Amino acid sequence: MDLNIIWFILVTVLFIGFFFLEGFDYGVGILLPFLGKDDKARRVIINTIGPHWDGNEVWLLTAGGAIFAAFPHWYATMFSGFYLALFLMLVAIIVRAVSFEFRSKDENSKWRNTWDWIIFFGSAVPALLWGVALANLIRGLPIDETMTYTGGFFNLLNPYAIVGGVASFLLFTLHGAIFLTLKTTDDILESAKATARKLWLPSTIVLLLFVVYSYIETDVIAGFGINPGVVPIVALLAILSVGYFLKVKREGWAFIMMGITIAFSTISIFSGLFPRVMVSSTNPDWSLTIYNASSSDYTLGVMSIVALIFVPIVLIYQSWTYWVFRKRISRKSELEY
Amino acid sequence: MDVLALARWQFAITTVYHFLFVPLTLGFTLALALMETQYVRTGDEKYKKMVLFWGKMFLVNFAIGVATGIVQEFQFGMNWSEYSRFVGDIFGVPLAIEALLAFFLESTFLGIWIFGWEKLSKKMHLAAIWLVAIGSNLSAIWILIANSFMQQPVGYHLVNGRAEMTDFFALLTSGHVWVQFPHVFFAGISTTAFFILTVSIYQLNKNKNQEVFKSSFKFAIVYGIIGTIFVAIIGHSQAQYMVKVQPMKMAAAEALWESENPASMSLFTIGDETKREDVFALKIPGALSFLAYNKFDGEVKGIKNLQAEYEVKYGPGNYVPPVAISYWTFRMMVGAGAAMFFVLLIGWWVAYKKNFDFSPIFYKILLFGVSLPFIANATGWIFTEMGRQPWTVFGLFRIEDSVSKATTAGEVLFTTIGYTVLYGILLIPTVYLWRKFAIKGVDAMNIHESNHSEN
């Protein structure tokens, strides 16, 4: 296995980490105005992700940095190609980050309500856009022989990508609801449970629809032939089992299975791309691959050593923070304002 | 305007705005770590109150600093994709390492610190804020390693029209990094000192018996004097380094049209940029040679001579950066820095010799003085980036080759307006919260304390 493949795998791992962790952050943010019936409930809900959301977001920055360092042409083509979509995502990320810090620093209820809805918007927009982006990546984009994106913003809004967006939106929202069932108590816990059960069926249906649609719109699953391989099947079995575990009130298991759904869906998409990183719909020969888009072996080698040392350290201390804040949060908890 | 001009405006606006907040993060995390160390060592509740109050002020800043920083990482790909292709092999590495080593550390332990007052022992909680301080300043090192490559490329070779890394350690040990980083580090300390000073004097003016703000004021005076002295000393070695590796930037900073030996330093010049000559100039003979070499003779190259030299080396073209902007931003930076030092000296005298019996004039000076570090920070960066023009990577890659090919002028205009409006709007709640806490003083922590029983 060469360094290019290792770095493709590492980028996939960073996205899995990001979607798994930030996925429930987005979900919690989306559900905040609906499950938080009063200010106290909203503070409880924010506190479930309060110590973590910022660290979770760094997974995206690291993934972005890793793409830049390991596959500069991928970074250049994708970021300049998804221009307006990324701008929208950045606006959402900015206002969301600010809202978490600002909302409780003033007692005025209008002030807090405004920031809470900004948290909703700032979580909902990226949750949707990630699915749109991934769907477009595997569907292919107009890219010319100089690795330059030649489409516009509305090329990205095709029906297939929109189904992908709805799927990621629903999956992250469900993920957030299940996360809340593990972190809250009493009335908030009950409404989180009910929400998770309600969200499961539409999430599963849209995910299935996306898989079927992928057969038609992309070469990703067609590449597998009749046997799609074990990875997408695990993802589908996992989302089915989430429904079962929610029904029998085993939320811990539901959360684990949700994690597996997200991880294996991400792997399915990235393994469908492999060895390409951006598919050119103009001419298959103009696609960006892990070889023609990559950095030199020297750079990949340096980055491998750095990643080998520091990724495990990050995993250890981030896991530790979840251990420190492992207790459920109730209305009676000492809340951070 | 074309895509290039718009992308440059966007970079300038978003970077200057982002860098309003970054120095405060660098300096504040360290200040909080020092204050909390005092609290843990002495057990004095006064220090805990300081940590809580300034911590709140800092968090308002941190949120917006982090959020606007994400735009910085993304816009290299969005607006400068051709630059990213050319330099990604090298430039992407410090950016990725910055996220992996610094951002994770900073964000994760900040979460622990904010929410962990009751969950962790005092010492663990203290360790958390130290890790945040280390993380944020580490991030400054890595981003400046990236920027230093643009000012003085090292450890690379050119393959198929792009720069590839040949020596990672050459990047880390680049002389440019180790004059630039300390300059930024101490600028962060100085900026934070002024912020603390201004809020403290506002509180002390209302009620002179507040122990918390007297201690904060004294802390800020010492912090700021150390900061400004080191900014100046390192700034001097930076200038000497610049004469060696970017002589054109130095020549532009001084509006030095012709090489001189000994070289005189401009006190005040009105020049004609197109004719490349002085209209009116007041100069100190030999002073520029002294700045460059610590002795009163030695040649400093002029703009016209360097232009001729570069035409031979790089082919025809204009290699002169905007002289008026370089000249004035350089002077504003140095002037604001010097003014800060003198304000701090008066502050020292007020605190230590006059026991806080300050005059209304000094009070007013400080309320305006808080703008000085922000002026110095912004003009310093405008100078260092403008003085490098027309290059994005000095001597290797030009700005007009750097811009994205996939974007249209309309798109870049749209996002530039978008960021400007959004950033403008975000200043309103930021300033509102800062002002509110500054007025309320230690009372602002009441909500916090009702939720946290003292240990």
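## Where the two chains meet

Let's start with charge: chain B and chain A share 1 salt bridge. The side chains that form it belong to K436(B) and D106(A), with 3.2 Å from N to O. Keep in mind that this is a predicted model. Polar contacts between chain B and chain A come to 18 residue pairs, both residues at pLDDT 80 or more.

Helix 3 of chain B gives the most, with 24 residues. Sort the side of chain B that touches chain A by class and you get 43 nonpolar, 21 polar and 13 charged residues.

The contact draws 77 residues from chain B and 68 residues from chain A. Together the two chains bury about 6700 Å², and 73% of that is on carbon and sulfur atoms. Three residues, R85(B), F104(B) and F115(B), supply 12% of the area chain B buries against chain A, more than any other three.

## The largest pocket

Now for the largest pocket, which holds about 1000 Å³ of space. Its lining has 42 residues, and H183(B), V231(B), G235(B), M333(B) and V334(B) lie nearest the centre. By class, the lining splits into 24 nonpolar, 15 polar and 3 charged residues.

Several chain B elements each supply at least two lining residues, among them helix 6 (175–206), strand 3 (265–272) and helix 11 (323–353). Helix 7 of chain B gives the most to this lining, with 10 residues.

Terms used. Residues numbered from 1 in each chain as written. Chains lettered and ligands numbered in written order. Predicted model: local features only at pLDDT ≥ 70, side-chain atom pairs only at ≥ 80, totals over all residues. Heavy atoms only, no water. 1 Å grid on protein atoms, 1.4 Å probe; cavity = no way out; pocket = protein on both sides within 12 Å on 5 of 7 lines; lining within 4 Å. Points joined across faces, edges and corners; volume = space filled by probe spheres on them. Helix = DSSP H or I, 4+ residues; strand = E, 2+ residues; numbered from the N terminus. Nonpolar A, V, L, I, M, F, W, Y, C, P; charged D, E, K, R; others polar. Contact = heavy atoms within 4.5 Å. Buried area = accessible area lost by both parts, 1.4 Å probe. Salt bridge = Lys/Arg side-chain N within 4 Å of Asp/Glu carboxyl O. Polar contact = N/O pair within 3.5 Å; in protein donor to acceptor, adjacent residues only side chain to side chain.
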